[in-house]
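Trainee: Could you walk me through this one slowly? I would like to understand the terms as we go.

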Amino acid sequence: MILSIKQIFRVLISLVLSFVVLLYFTPAAWAFCGFYVAKADSKLYNQASQVVIARKDNRTVLTMANDYQGDVKDFAMVVPVPTVLKKEQVKVAKPKIIERLDAFSAPRLVEYFDEDPCNPILYDAAESRAIQNAAPQAARRFKKNNNLGVTVEAKFNVGEYDIVILSAKESNGLQTWLRRNGYKIPRGAGSLLRPYIRQGMKFFVAKVNLDKFEEKGYQFLRPLQISYESSKYMLPIRLGMINSTAEQDLLVYIISPKGQAEVTNYRTVKVPSNTNIPVFVKDEFKDFYKSMFKTAYTKEDKKVAFLEYAWDMGTCDPCSAQPLNREELKD
């Protein structure tokens, strides 16, 4: 009997899910001669934010789940975006979707039996389709200051969030505007805002509407989802770093009909995979994986993005959770 870690893909700076085929076509798949015996999910990571990027042509849909710890009245999210967003381009997403992506792409341990070498077996097309389909199915009045060079391009409410879209001429003015209007912005944000202002980007700013949050009885902040058309294919992460009190993990799930994605401004390194390991690891896989990941991260001088998983969403080998169905992919 041999145990092997199958290739996974999450990220310290970016995680990728590669969906060669998204919705309407499931290619013939070969049976995988083994089955997973253990998996490890996002709970392995401390202070881990999760982001889903769905990208096709010039359209991007960005879903952001923040692991904010603290009083929700102090929550503020500032995300550079390439265009002015309208209300219909912003919505509150279902937390379950990110949980499903995490489960599908989770690190997994696979067991093989040497005494019975297996031959490739072609899945019946109907069976393959069955696998794919089996998955579970306000704004406040703002203080004016024309000297700050900040323009409120739009403001609206979505769910329990108050949203404003801003443009700015210089970072200090934007930082001052945010603080004067009740946003808890960490010190040092000005220097991180500057590069985005130079690129002419707008700023999506969200805070919690306490009345609506308490009225609905929510216990946690729900993910925010934005969509836009732009040739820019990017995830601005620098602003999120200033909230971190220690090392911070960012798990990024990238869904694209073009296949595997990699990061351009960090080296992309694959997590150790397809490696034979001792049988006893079966009973302590989570601790083993966490240690292995930390060792690989340290070895790379902590300056890389790790690719944990890249696979066609129509199938998996083997599945640690069912692929997302059509409705979940639409969400």
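Mentor: Let us begin with a term: buried means under 20% relative accessible area, exposed means over 50%, and partly exposed lies in between, using a 1.4 Å probe and protein chains only. This is a predicted model, in which local features need pLDDT of at least 70 and side-chain atom pairs count only at pLDDT 80 or more, while totals for chains, interfaces and linings use all residues. Residues are numbered from 1 along each chain as its sequence is written, and side-chain values use heavy atoms, with hydrogens and water left out.

Trainee: Okay, is phenylalanine 293 buried or exposed?

Mentor: Phenylalanine 293 counts as buried because its relative accessibility is 8%, and tyrosine 289 counts as buried because its value is 0%.

Trainee: And how are the rings of those two, tyrosine 289 and phenylalanine 293, placed?

Mentor: Their centres are 6.4 Å apart and their planes at 35°, so the pair is tilted; rings of Phe, Tyr and Trp (its six-membered ring) pair if their centres lie within 6.5 Å, with planes under 30 degrees apart counted as stacked, over 60 as edge-to-face and the rest as tilted. Ring pairs also link Phe285, Phe288, Tyr289, Phe293 and Phe306 into a cluster.

Trainee: Switching topic, what is the mean pLDDT of the protein?

Mentor: The mean is 76, and 73% of the residues reach 70 or more, where pLDDT is the predictor's confidence in each residue, from 0 to 100. Over residues 123–141 the pLDDT is below 50.

Methods: Contact = heavy atoms within 4.5 Å.
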